[in-house]
Amino acid sequence: MYTPPKPNSKIIIVGAGCFGLSTAFALSKDKAKNYDIWVYDRGSSIPISDAASTDISKAVRMDYGENTLYMHLAVEAIDAWKQWNIERAEKSLVPVYHNTGMLLFSANGQYAEYEKDNMKSIREAGFGDYIEELNAEQLKQRYPYLSDTVDNGYDIAYANKVGGWCNSSESIKHLYNGCVQNGVNFILGEEAGRFKELLVDNCHIKGIITADKKQHTADRVIVAAGPWTPSVIDMHGQAIATGQYVIHFKLSKEDQARMATFPVWSADVSNTGFYGFPCNEKGILKIAKHSTGYLNPSDALNQTISVPRTQSTNPDDTIPKSALAEARAFLKKFLPFTDALDVVYSRVCWYSDSIDGDFIIAPHPDYDNLIVATGDSGHAMKFLPVIGDKIRDIVEDIDSRYKQAWAWKGKKAPKEFYERPLLVKEGDQEFRMVTMEELRANKD
């Protein structure tokens, strides 16, 4: 039987990414509870270099198909993002949220079911004035630089004027500063900050042991280690680390001006998986794909657990050969002008995919005093300003629809959940990272 922590309890949080920082901030706001909060991470500074949340941009959208739980949470989060911008403006800081709107394409003149469900849910929730449906001619008129896109079959879309993107690395810094101001303690570094194992007495969690072999006692431990979570505690197959790829182009001043009105977009996303962002202030155009992703089975864990492989430990890594070919083929139709551009940066971004796409934020069934906050499934960052409040409520055993939705379900994963391509395979040219030369445009 799970019992919530008492006032003045010491709480250890493992992981200083989206879930970990947001939780630390939410718990530290309650001065009456006066929790003693400690955050551990093996990174040397925040934002943690290889966390999924450390990026130039993440989508902030309310478009969630039939899943209105996340739609309403996104609406709440967008209000909080706006408040963050107000607070930052008062300190002469740049905004972290950009309400560019969203443009969601379908193909061949027919909305896909996902886009239909989006519009239906948004309208039924009373937000119908956010939505505008656009046909081929209207798309060309509003976005003349997308004429080739429309002619190549992405010829119907709806615009949602609410939503856009956040500067995710800057957002993490913003939240970290709030934690520090609230008295949260941080222990960082490969030895002192790296979680090694739980400090356990039978099934009773007494704290954690770090890589420097030191024991750190606590009244409650929250593991929010993102895609590393299944490799540091037994998740019973409820989540898996998957790699999703990201590429950047650098646009000319002319192209930046030409595409100045480009919003965040998705391209028949339920079928292609591709989405992207407007240029940032440095002229970087980011494009990504959300899919089943790649696996990286660990030799240290008998090839049974996928573990993130990042540029922190493999600085020469790019993206898989198959990913580059797929992205170039898609962009040849969707943004054909990029065919002549070099990919100036690429990386594999790691998610903690849950079996059903829901977050997993719940007491761990094997222990008392242990909460897991994982299963981001690639859609958590938009909730950064509010997700910690929901996690805090679960830690304090307050009933809510989020507690029910994110409970430990103990589902058995279908076989295909684990049937994903390998990131790399020693000696196999089909499973390798592309070279910097291959990232250049084919100018023949």
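Me: What makes the crossing of α1 and α6 left-handed or right-handed in this predicted model?

Reply: The crossing of α1 and α6 is left-handed, a term used because the near helix is turned anticlockwise from the far one by less than a right angle. The axes of α1 (residues 18-28) and α6 (residues 168-181) cross at roughly 35° and come within 9 Å.

Me: Which residues make the contact of α1 and α6, and how many of them are nonpolar, polar or charged?

Reply: On α1 the contact is made by C18, L21, S22, A24 and F25, and on α6 by I172, L175, Y176, G178 and C179. By class, eight of these residues are nonpolar, two are polar and none is charged; G178 counts as polar because Gly is placed among the polar residues.

Me: Why are β6 and β18 called edge strands?

Reply: The open sheet of eight strands runs in the order β6-β7-β5-β15-β16-β17-β14-β18, with mixed pairing. β6 (131-134) and β18 (345-354) each pair on one side only, and are therefore its edge strands. Direction ignored, neighbouring strands of this sheet are turned by 20° against each other on average.

Me: How do you know that β15 and β16 pair?

Reply: Strand β15 (residues 264-267) and strand β16 (residues 274-276) are joined over two bridges in the antiparallel sense, and since pairing requires at least two bridges, they therefore count as paired. W265 has G276 of β16 as its bridge partner.

Me: Which helix lies across β15 and β16?

Reply: Helix α10 (residues 321-334) lies across β15 and β16, as well as β5 (102-106), β14 (239-250) and β17 (284-289), and runs at about 50° to β14.

Methods
Residues numbered from 1 in each chain as written. Predicted model: local features only at pLDDT ≥ 70, side-chain atom pairs only at ≥ 80, totals over all residues. Heavy atoms only, no water. Axes fitted to C-alpha atoms, helices over the stretch in contact; angles between N-to-C directions. Helix = DSSP H or I, 4+ residues; strand = E, 2+ residues; numbered from the N terminus. Contact = heavy atoms within 4.5 Å.
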